[in-house]
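Subject: Structure for your review

Dear colleague,

I am handing over the structure below, and my notes on it follow. Please read them alongside the coordinates.

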Amino acid sequence: MNDSFSSKVISKQSEDAIRAIFTGWLETTSGRRKISTIKRYYKKHARTVPLNELPEKAIEPKYELRDFRRSDYAGLFGFTNDRLEKAFVKLPERYQQVLVYYYVFEMRSSDIAKHLEVNLDVLYNIKSRALRKLRKDLTNGREAKR
Amino acid sequence: MAEKQNADNFLSLLAEAVSGERDAAGTLLEQYIPLFKSMSFYNGRYDEDIFQELMLHAFQKLPRFPLERICKEMEVEL
């Protein structure tokens, strides 16, 4: 077979092209195999926990929602930067409340909107206005590019 | 001349490997060990099991490489 093969004239270009196609094929085939191997491994070694050993609550809530007063919000943040604290205190109460829910309690937007009984669009508006106001205050009236 | 020799070697090796000759397949896949090693990383660590699985799989699937069709399309005679 080798003799008949070497007697053919095969250009370097064709050889390179076929080598490239073969390498690509090998990469695709092996890539798929890698994914299926990893999936198979995890299926076999998946960590299982008996149902009766599961805790009552999978995740303890990080926060307890209660009625806060306007003066509480800055304390909840625990600011270390005086300028930031002053700027925050100047914000309207609603803005402070939304920022606390987002950044202290790390609540999801949908949960905050539900709790405040507002639409998600309204919530996003409040949040962006609050941040813009803070930024403006911290940059002495010049609105930072964002 | 050396390039021509290499070209013939690679294509003849590939043809033999695709036709089911185990030695040729072994020699051919040896050239691709660096590729298999680079693909055997998982979660940032080299995994010997994945490497072996990939080599074995490539070895088994080599006869399915459509060399004849490709050569026909490129008008290269085997």
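**Notes on the model**

Glu117(A) sits in the loop that runs between H6 and helix H7 (120–138) of chain A, where helices (H or I, at least four residues) and strands (E, at least two) are DSSP runs numbered from the N terminus. Although Glu117(A) is not a glycine, its phi is positive, at about 55°, and the residue counts as exposed because its relative accessibility is 73%; here buried means under 20% relative accessible area, exposed over 50%, and partly exposed in between, with a 1.4 Å probe and protein chains only.

This is a predicted model, in which local features need pLDDT of at least 70 and side-chain atom pairs count only at pLDDT 80 or more, while totals for chains, interfaces and linings use all residues. Residues are numbered from 1 along each chain as its sequence is written, chains are lettered from A and ligands numbered from 1 in the order in which they are written, and side-chain values use heavy atoms, with hydrogens and water left out.

A positive phi is also found at Glu106(A), a residue other than glycine, where the value is near 50°. Glu106(A) is placed in the loop between helix H5 (93–103) and helix H6 (109–116) of chain A, and its 52% relative accessibility is why it counts as exposed.

In chain B, Ser40(B) occupies the loop between helix H3 (33–39) and strand E1 (41–42), and it counts as buried because its relative accessibility is 0%. A polar atom of the Ser40(B) side chain lies 3.4 Å from the backbone nitrogen of Phe51(B). Apart from neighbours within four places in sequence, the residues in contact with Ser40(B) (heavy atoms within 4.5 Å) are Arg45(B), Tyr46(B), Asp47(B), Ile50(B), Phe51(B) and Leu54(B).

Over all chains, the structure holds 12 aromatic pairs, that is, rings of Phe, Tyr and Trp (its six-membered ring) whose centres lie within 6.5 Å, with planes under 30 degrees apart counted as stacked, over 60 as edge-to-face and the rest as tilted. One of them is the edge-to-face pair of Phe22(A) and Phe65(B), at 5.0 Å centre to centre and 85° between the planes. This pair crosses between chains, from helix H2 of chain A, which holds Phe22(A), to the loop between H4 and helix H5 (67–73) of chain B, which holds Phe65(B); both residues are buried. The rings of Phe77(A) and Phe88(A) also form an edge-to-face pair, because their centres are 5.0 Å apart and their planes stand at 70°. That pair links distant parts of the chain, with Phe77(A) in helix H3 (residues 72–77) and Phe88(A) in helix H4 (residues 82–89) of chain A, 11 residues apart. Phe77(A) counts as partly exposed at 25% relative accessibility, whereas Phe88(A), at 1%, counts as buried. Ring pairs also join Phe22(A), Trp25(A), Phe10(B), Tyr32(B) and Phe65(B) into a cluster.

Finally, 15 residues line the largest pocket, and Thr37(A), Tyr41(A), Asp47(B), Asp49(B) and Ile50(B) are those nearest its centre. On a 1 Å grid over the protein atoms alone, a pocket is an open set of points where a 1.4 Å probe fits, with protein on both sides within 12 Å along at least five of seven lines, and lining residues have an atom within 4 Å of a point. H2(A) gives the most to this lining, with six residues.

Best regards

Methods:
A polar contact is a pair of N or O atoms within 3.5 Å; within protein, one must be able to donate a hydrogen and the other to accept it, and residues adjacent in sequence count only if both atoms are side-chain atoms.
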